[in-house]
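Biologist: Hi! Could you walk me through this model, please?

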Amino acid sequence: MGLLIIIYILIFIIFMLIAIAVAQIKLAGMNVKDFWSFIEANQILDKLYVFAKKYERLDVREQLIFLKEAERVFNAFDKVPSVLWEEEYQKYMKVLNTYKDIKMVRWESN
């Protein structure tokens, strides 16, 4: 009986923590879906950052994939306050500059 009460209390605490997290996201002026997209985009940003360092060696197919993924990252980052991603600013700018360079090269070749 005591174990069952402890389990109920733990489940209640978990739901309360989730509710508090959702409330904090709402108070920041975001949707939970946008925040979740930002978390996923942050993981993609790390991978794109590695590619951005060596973009001169990317073939056309890899450049297209880079451009598509970078646009997804930019869209997700635009939906959240910049305070949340201040730590990632350098990576974001490196990926953005590489994105611009690739777009410019592709525009010039067309």
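**Salt bridges and helices**

Modeller: Happy to. E88 makes a salt bridge with K91, and their closest N and O atoms are 3.6 Å apart. By salt bridge I mean a side-chain nitrogen of Lys or Arg within 4 Å of a carboxyl oxygen of Asp or Glu. This is a predicted model: local features need pLDDT of at least 70, side-chain atom pairs count only at pLDDT 80 or more, and totals for chains, interfaces and linings use all residues. Residues are numbered from 1 along each chain as its sequence is written, and side-chain values use heavy atoms, with hydrogens and water left out.

Biologist: Thanks! Is E88 buried or exposed?

Modeller: E88 is buried, with a relative accessible area of 14%. The cut-offs are under 20% for buried and over 50% for exposed, with partly exposed in between (1.4 Å probe, protein chains only).

Biologist: What else forms a salt bridge with K91?

Modeller: D46 does, with the closest N and O atoms 2.8 Å apart. D46 sits in helix α2 and K91 in helix α4, so this pair ties together parts that are 45 residues apart in sequence. Helices here are DSSP runs (H or I, at least four residues), numbered from the N terminus. D46 is partly exposed at 33% relative accessibility, and K91 is partly exposed at 26%.

Biologist: Nice. What about α3 itself, how many residues has it?

Modeller: Helix α3 covers residues 60-78, which is 19 residues, and reaches 27 Å from its first C-alpha to its last. That is close to the 27 Å expected at 1.5 Å a residue, where the expected span is 1.5 Å times one less than the number of residues. Its buried residues include F66, L67, V73, F74 and F77. Among the elements covering the buried residues of α3 are α2 (32-53) and α4 (89-109), where contact means heavy atoms within 4.5 Å.

Biologist: And which residue caps its N-terminal end?

Modeller: D59 does, with a side-chain oxygen 3.2 Å from the backbone nitrogen of R61.

Biologist: Switching to T98, where does that one lie?

Modeller: T98 lies in helix α4 and is buried, at 2% relative accessible area. The T98 side chain reaches the backbone oxygen of K94 at 2.9 Å. The C-alpha atoms of T98 and L64 are separated by 12 Å, the two residues being 34 apart along the chain.

Biologist: Last one: where is I5, and is I5 buried or partly exposed?

Modeller: I5 is in helix α1 (residues 2-27) and is partly exposed, with a relative accessible area of 45%.

Key. Helix = DSSP H or I, 4+ residues; strand = E, 2+ residues; numbered from the N terminus. Polar contact = N/O pair within 3.5 Å; in protein donor to acceptor, adjacent residues only side chain to side chain.
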